[in-house]
Every structure is written in structure tokens, then in C-alpha cells.
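This report goes through salt bridges, pockets and a surface patch. The structure is shown first.

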Amino acid sequence: MIMQGKKGLIMGLANKFSIAYGIAESLNRQGAGLLFTTQTEYFRNKISDIAADFGCTDVTLCDVAIDGQIEVAFDEILTKVGPIDFVAHSIAFSDKNELTGKYCNTSRANFLNAMNISCYSFTEVCRHAAKLMPNGGSIVTLTYYGSEKVVPNYNVMALAKSALETSVRYLANDLGPGGIRVNAISAGPIKTLAASGVGEFSKILEYDRQRSPMKRNVTQKDIGDACTFLLSDLASGITGEIVHVDCGTNIIGTHF
Ligand code: NAD
């Protein structure tokens, strides 16, 4: 029960296949109190039963692409529960038509939208979350290996993840003096709603499974438990890191 007595927010739960669901399960197992934000009324209806299973009967609306919504959501949470100890940001978006074929065909509109939702939102979340963490805290976001090496079809999302990883280091530096740690988990591929938008995703899954020293893909539990660790006091000396939770695939070269 390493999270007993702590409470915090999970952003990005869409359904039981979401990485956010694995994070919620793990945090719940370790005794954390959980709050959730969701993008739209449609998603709120879809996840309200799941959130209730984790003890949250009042999911907060927050479309991170809409100016002011992040601030309003954090103000609402402060009013509802007071200060919090952690935030898990598990949000990304690109037009799926641009997650296939060549990166050079990315449109300006989708480039900006993907960057806005998948990268900038994390900066804004950290800024507002910090106000709810007067005694310190821990914030984690989700990234992917496509930021480091070319992964076919990952395209614009790879650039958003590279920028997100750099923002993790700058945010860790900004928020460190307030006792707030900021990290990212670079998760191996896992079949979710967002992932199903990436062209030939099942090939990526299979390629990774074969390449992994452990000869398997990651699970929601692998990622959830690593996230709980980073959000807990057990990780008190870790900040500004990109932690690979991918069954070791990132250590293997592409030719072997
Ligand atoms: P998912 O589809 O279950 O979750 C994505 C979430 O992003 C959804 O809940 C969606 O509502 C939310 N979102 C999108 N636009 C939003 C907006 N404007 N405002 C608020 N929320 C918005 O998919 P997932 O795979 O669990 O994705 C979670 C995170 O994990 C993403 O950052 C993704 O890039 C990352 N990730 C996924 C994989 C994978 O293989 N699935 C691997 C590494 C990293």
C-alpha cells in the first residue's frame, strides 16, 4: 500500500483498454484516492461506471485543446478535494489519416493540433497542478520510442513525443524547487483506442515482441505499476527522466 493516504488525478481514461486504466488499477491496489478528467460529455458517460469502481463519482470535464479548460478543471478539483499528490497525464491525439504513409505529408493543421494536445497540454497541466501541490508531488506523462528512432507510420506523433520528452526535463527543473517531480514513461506498444489509429500497429506489436529480450509485449499492469512507483515516495530521487517500460526493446538494435 505505497500510495495509502495519497490522492491524485488521472487524465486520459477512455475505456478499459486505456493505459490510464492500468495506471488507475495499480494506484487503486496501492491505496491511492483517485480523481479523473475526461475530454467530452460522451467519454464522461462512457467512463463514469469505471471511475465509480475506483471510488470517483464525479468525473471532471477537461478538453485540453480548449483554452482555459485545464485551469477550470484544476480549480474545480481544488474546490472538491483540496491539494493533491500526483497527476498522471495519458493524453495524445493526431488525425489518424496522418499516422500512415510518409511523415513529409503531415499538414500544418495536424502538426499544430498534435503538438497542442500531445505536448503543450502537459506543460499547462504541470503549471496548474503545481498550484495544487503546496507540499510537493509527482507528475508522470506517457511517451513512446518513436521519439528516438524512426517507427513506420508514427510520423507527427514522434515529433510531439520528442518535444514532450524535452518538456519533461524543463518542467522537472522548473518545479523541482517546489518538491514536485516530473517524469515520463516510454511505454512499449499496447493495443488501445489511440494506438489503433497508427498504421500497421499489429506489425509494430509483433516486431517488438520478437525484439524484446523478454520475448513479450508490455501489459497495462507493467505500465501501471511503473507509473505508481514514479508517483510514489519510493521514487523520491527521480525526476526529469524518460523511463522505458517496454520489456527492453529499446536496448536492441534493429539489425541482429
Ligand atoms: P487511449 O485512446 O485509451 O487514450 C488516449 C486519451 O487521450 C483518450 O482518453 C482521449 O480522450 C484523450 N484525449 C485525446 N484528445 C484529448 C483532448 N483534446 N482533451 C482531453 N483528452 C484528450 O490510448 P492510450 O494508448 O492509452 O494513450 C495514452 C497515452 O499513452 C498517450 O499519450 C499515448 O501516446 C501514450 N502511449 C501509448 C502507447 C500505446 O502503444 N498504446 C505507447 C506509448 C505511449
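Is Glu-200 buried, partly exposed or exposed, judged by its relative accessibility? Glu-200 has a relative accessibility of 47% and therefore counts as partly exposed. The model is a predicted one, and the values below are computed from it.

**Salt bridges**

Side chains of opposite charge can pair when their charged atoms come close. Over the whole structure, a search finds 10 salt bridges.

| Pair | N to O distance |
|---|---|
| Asp-233 and Lys-6 | 3.2 Å |
| Glu-200 and Lys-203 | 2.9 Å |
| Glu-206 and Arg-209 | 2.9 Å |

Asp-233 and Lys-6 meet through their side chains in a salt bridge. Asp-233 sits in the loop between α7 and β7, and Lys-6 in the segment before β1 (7-11), so this pair ties together parts that are 227 residues apart in sequence. The two partners fall into separate accessibility classes: Asp-233 counts as exposed because its relative accessibility is 52%, while Lys-6, at 18%, counts as buried.

In the pair formed by Glu-200 and Lys-203, the lysine counts as exposed, with Lys-203 at 54% relative accessibility. Glu-200, as stated above, is partly exposed at 47%.

**Pockets**

The largest pocket has a volume of about 1,100 Å³. Its lining consists of 44 residues, and those nearest the centre are Ser-90, Ile-91, Ala-92, Ala-194 and Ala-195. At least two lining residues come from each of α1 (19-29), β2 (33-38), β5 (137-143), α5 (155-175) and α6 (201-211). Sorted by class, the lining of the largest pocket holds 27 nonpolar, 14 polar and three charged residues.

The second largest pocket contains about 230 Å³ of space. Here 15 residues form the lining, with Val-150, Val-151, Pro-152, Ile-204 and Tyr-207 nearest the centre. The lining of the second largest pocket divides into seven nonpolar, three polar and five charged residues.

Which residues form a nonpolar patch on the surface? The patch is made of Ile-2, Phe-229 and Leu-234, and together they have about 260 Å² of accessible area. Leu-234 is in the loop between α7 (220-231) and β7 (242-245). With a relative accessibility of 58%, Leu-234 is above the 50% cut-off and so counts as exposed. Asp-233, the salt-bridge partner of Lys-6, is found in the loop between α7 and β7 as well.

Leu-230 is a residue of helix α7. Its relative accessible area is 2%, which means that Leu-230 is buried. Between the C-alpha atoms of Leu-230 and Thr-38 the distance is 22 Å, and the two residues are 192 residues apart in sequence.

Conventions: Residues are numbered from 1 along each chain as its sequence is written. This is a predicted model: local features need pLDDT of at least 70, side-chain atom pairs count only at pLDDT 80 or more; totals for chains, interfaces and linings use all residues. Side-chain values use heavy atoms; hydrogens and water are left out. Patches are made of residues with over 30% relative accessible area and no salt bridge: like charges are joined within 9 Å, nonpolar side chains (Val, Leu, Ile, Met, Phe, Trp, Tyr) within 5 Å. Accessible areas come from the Shrake-Rupley method with a 1.4 Å probe; for residues, only the protein chains shown count as cover. A salt bridge is a side-chain nitrogen of Lys or Arg within 4 Å of a carboxyl oxygen of Asp or Glu. Helices (H or I, at least four residues) and strands (E, at least two) are DSSP runs, numbered from the N terminus. Buried means under 20% relative accessible area, exposed over 50%, partly exposed in between (1.4 Å probe, protein chains only). On a 1 Å grid over the protein atoms alone, a cavity is a set of points where a 1.4 Å probe fits but cannot get out, and a pocket is an open set with protein on both sides within 12 Å along at least five of seven lines; lining residues have an atom within 4 Å of a point. Grid points are joined across faces, edges and corners, and a volume is the space filled by probe spheres set on the points. Ala, Val, Leu, Ile, Met, Phe, Trp, Tyr, Cys and Pro count as nonpolar, Asp, Glu, Lys and Arg as charged, and the others, Gly among them, as polar.
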